[in-house]
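Notebook open, model loaded. I wanted to see how the parts are laid out, what packs together and what the chains share.

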Amino acid sequence: MNAIFGVPTTTLMAYLLALFALCLAITGWVWLRHRVVFKLGVRNISRRPAQTILIVIGLMLSTLIISAAFTTGDTLDHSIRSEVYDLLGPVDEVIVVAAGPELPSQPQLGASVPEHIAVDLATALNDNANVDGVLPLTLNSVPVVNLRTRLSEPSLIMTGLDPASADAFGGLRNQAGEPIDLARLPGTGIVLGQTPADKLDAVVGDQLVVYINNIAHLLTVEAIDEDSPLTGMLGFGASGGFAMPLLRTQTLTESPFSLSTIAISNTGGVEDGVRFSEQVTADIDAALHDTPYRAVPLKQDGLDTAEANGSLFVSMFLIFGMFSIAVGILLIFLIFTMLAAERKPEMGMARAVGLKRRQLSQMFVAEGMAYDLVSALVGAALGVGVAFVMAGMLSSFIGDAFDITPTASTRSLVIAYTLGIVVTFITILVSSWRVSRLSIVQAIRDISEPRATRESRRWLAFGIIGLLIGALMTIRGGSGGNAFLFYTGMSLVPLGLAAILRSFGAPARPVYSIAALIVLVLWLLPDSVSGTIFPETSGGIEMFFISGIMLVAAGTMIIIWNAEAITNAVGLLGKGFSRWLPALKTAIAYPLANRMRTGMTIAMFSLVVFSLVMMAAITANIVSILSGEHAGGGWDIRTTQATTNPISDFELTLSENGADPGLLDASARASWVNQSRVQMRMADADQWKIYSVNGVDAAFISESDIPLQTRAVGYDSDRAVWDALAADPLLAVIDSMALPATGFDPDSSEFTIDGVTANDTTMQPQQVAISDPATGKTQTVTVIGIIDSRAFTMWGMFLQEQTVADVWGMPDAINYYLRLAPGVNADDAARTVESALINYGVQADSIRSIVDETMAAQRNMMQLFEGFMALGLIVGIAALGVIAFRSVVERRQQIGMLRAIGYKRSMVAASFLIESTMITLLGVLSGTILGILLAWNLITSDYFIGGGGSGFIVPWLEMALFIVISLLASLLMAYIPARRAASVPIARALHYE
Amino acid sequence: MLGRRRHDTEDGQSIPAGVDLPIIAARGVLKTYNTGKLSVPALRGVDLTINRGEMVAIMGPSGCGKTTLLNCLSGLDTIDEGEILISGQDLASLSDDARTDFRAREMGFIFQFYNLLPVLSAVENVELPLLVSGTKPRAARERAIAALGQVGLTEWADHRPAELSGGQRQRVTIARALVNEPAIVWGDEPTGDLDSQNAYEIVALMRELNLRNGQTFVLVTHDPDIGATCDRIIRMHDGAIISDGATCPIDEQLVEYRVAAPELVGGNLDGGTR
């Protein structure tokens, strides 16, 4: 991976290494200048081995998450790269037809390049040291039936190769690895690719029937070779095909002297030849400058896609992992605060005997850096392990498309390690500064710090700064339409005011509760309300993160300052179990006495669970909405067919081939043009983008039930829009994927429409130019509607089929949409249609199965993200462990006293377990409630899929799972310290200091 | 006087005045601490009886085994050899849970550093032993407030230990020790962390309660003035009892305390100094 968030990874690594060196230098300086301080810090490490292990676990988690994100990116990058190399083999560039400067991204099937161009090109490149092969090719999609096994494939790529040129591209080989001379193949002989051979269960000698222009041709499998471009494998997860001599395919397709493309192999191997791609592409374009043919650096483009995908995944994992990283930082802060509390008396003594405040900080920095160096190493290594597990899961989801090979690059590991170190080091610096500000007498006596005037002044300063920054952000965000600035600013204002009021002695509970409540209401206001009160703003994925942080912070403040009421309620429940009442009493009292520590732990659980619940709720609702009745636009089956064997009358052909004519209620046709052949832009824009196009017949327009989420002004109903489309060949509707969205890839090559957003129900008609880059034919159409995102199987732009034919001529595929007679099973009907029309290469799928498969894939991916985000739970659980272990030490004397006055061992243990469970429960419940509320807000808003009118599904199962797992894990984590507390020897504990 | 009052036995039988009953009996108690390579004998065959209603001071230099003896007698620690009977019950023969129940029912504890739960208010600290022994929360709260009243801290019931002075904290500890009306109250340096004024007040209070309630007090202390307040002083050296004898008559001591703090003994017990 070369870039992340647009920053080159090498640059990122260089900066991080510099910062890492700075961290080491600071620690080294402490060692050099204050060796005693350094030793005092480092010696603490071995004092409590169990606690040290927990600290290392706590500190490593941020690094683990960063490392896992980067390694997942590496894995995807490497896997796609490997697949590109495997897929393209020696092919580095291909020739495409292009009328203008914009090029189709892939070679076209069929016949589009005169054969003499290949000869001219070979001659021109003959002396080019960077090129070692030129291969003329024909590529045609054909249906194939294996006569022996009766298995069929609706669309395999029939590849015609020039036998004389194929050797430069590695040639063809049989399963024994022996080279095959294409020129010597019998007249009907073919070399079948491995994938179609598996699908057809074909062996050498099998006879296959292929249909070309509705005529059957008998071919014989002479050999089976690995999949490659030579055997028609042209894309990830494609069906592949078979190879024949060029002359033979030209004869079969009745396209003499025509090619589909010309492949070029650069000098060097499969991987290193690509370095000449830019030069070779320029050389080819120069050689063909007076023709409409241009070179596309196919392999380089594939590698760029791999890079982009890897980077995209890292971005997504980092963004979704941000909650866990934030929780990890909280944990580091908590750990060092607790360490400081533990060592308060000795720190007081150290100050008393002459250590300065900054030297106390240095002591912590030395100790922290030692933990940091080890834990970041462990975290980086474990992150690789986590990424490899995720790679395994990804492989099970998308392994059909390409192999996922777990990979970790040194660069990513260095970035993860150094980033982990730097983040942790900064947190340690801040927390060590904070803990060093103790008063000597109070520290020595281990009693709480008095509320000093200076502290009040500090709160006043914080409050004023918060208020000012908040006001500025609010004004800036409101005027600039920036949701992040506006809502963050609006949140800082009440919090700043609360701090100011506190500094003047206002009671904490009402002040903080009201401020937090205002923040909660602000972030949970339904869009319909906030839209009328506040200026219009918009935000991207960062709003997910900031809303979580703000909501959880406010929720935790409310819990902590009102916990007495909550815990009194628990206490009332406890009255029914009077035997456990004392245990309950202490379990409640301790966390309430340390609001900071308890609040941070609650916030950790709350943050993680909030993100998980949000994700689960959004996934459940998206899946539910997209799986609804509108998904198929009123159709039950979609068939796809290559253009090689056209069907003039679908229903008639179906019945002529033995299918029951009563099967169908309606059928319609849509000619589909792949986005690689489509250029699209706003009429007044300069930059062409890509998008797919459907040319639909009258039946499609009249029989479809495709809802629109936005209609152009002047159209009263969805039907009015469709009727207008039927009447005017220059009108169009487009799917909601074309709407602008702030996401991970703002510079996407895909077309986005201007003048309309997801929130709009009406729009001004928008002029959009569409073009075929091969011919340069361009047309301007007017978009008058946006298809509702619930009809998600309807994607691309929809136009009259004549308009599509006028611009592109032949489409890439013909889709038939079928509505079945009542009571007909869609899966059975799809099989019947496919079987009846096998000669035409028709592939039929029930829309329901398409929807289910898509949704399953969506769910799997989201669950993978959820699993990644759940790593944060480990942080929360580790925090509980640290607190519980620490509590046993802190309360040892009190435990002795409790045992002396009659607490049984089981009561002491129960008290610890109840305490941990209560903290977990408060965190988990607050996260769940906030997550559900925000998800509800989002999902029922106007701009969500389907306009928010589809109700709201609560992901009960996932929620129950998160709660149960969190509780069980926290119980498990508290169990050992609870047991330890229960077995504290009373007499010794009473005199423990 | 204490030794001449009537007492009820565990089975409710009345014992005539003038009969001193051994509520605590220890025979041949040995206790050794093993700290790695070292074995430190803490108690070397201690024989001891303490009668119901007595107020006994255990004194001696640091490390002589006073606290260890108190811990072993009260069942907080185990012994290696010998026998300890509390109200005729051999604590060693009880399970940990039964011993804990016995302790909750029969004993109260006062320690030098108070050992109050800092996260609970005074009244909550005091009511804890009652809740542990199964008293209903409402009744526990009433009795805890009454106990705080006995030590003069009614107004401070809702304050946390950090908000109380050392003397007040020790009063809360005493209230907690007495709220269950235990037969024995153990005190380990109960005035060790207090200034002399507060120490006087606490000792006077304990003595007053001892006299008023007839509970047995066993106090480990360095302070000869406290020892002088008790019925008996047991002196220890190197893990063994080297002397065991009565102090001056109780009435004389009370007179001394009345002189020192007339408002606190036998009169107004409310309040306290911070």
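I started with spacing: the centres of domain 1 and domain 2 of chain A, taken over C-alpha atoms, are 56 Å apart. Domain 1 of chain A is 1-72 + 311-401 + 408-448, and domain 2 is 90-269. Domain 3 covers 451-539 and domain 4 covers 637-850; such bounds come from an automatic or database domain assignment.

Housekeeping: this is a predicted model, where local features need pLDDT of at least 70, side-chain atom pairs count only at pLDDT 80 or more, and totals for chains, interfaces and linings use all residues. Residues are numbered from 1 along each chain as written, with chains lettered from A and ligands numbered from 1 in the order written.

Next I checked pLDDT, the predictor's confidence in each residue from 0 to 100. Chain A averages 85, with 93% of its residues at 70 or more. Helix 13 (residues 440-445) of chain A has the lowest confidence, a mean of 66. Where pLDDT is low, the coordinates should not be read in detail.

The core has 378 residues, and A:I262 and A:M604 touch the most other members. Helix 9 (residues 298-342) of chain A gives the most to this core, 21 residues; helices are DSSP runs (H or I) of at least four residues, numbered from the N terminus.

Last, the contact (C-beta atoms within 7 Å): 25 residues come from chain A and 23 from chain B. Helix 20 of chain A supplies the largest share of the chain A side, eight residues.

Technical notes. Helices (H or I, at least four residues) and strands (E, at least two) are DSSP runs, numbered from the N terminus. A nonpolar core is a set of buried Ala, Val, Leu, Ile, Met, Phe, Trp, Tyr and Cys residues joined through C-beta atoms within 7 Å. A residue is buried if 20 or more other C-beta atoms lie within 10 Å of its own, exposed if 12 or fewer, and partly exposed in between; C-beta atoms are placed from the backbone. Two residues are in contact if their C-beta atoms, placed from the backbone, lie within 7 Å.
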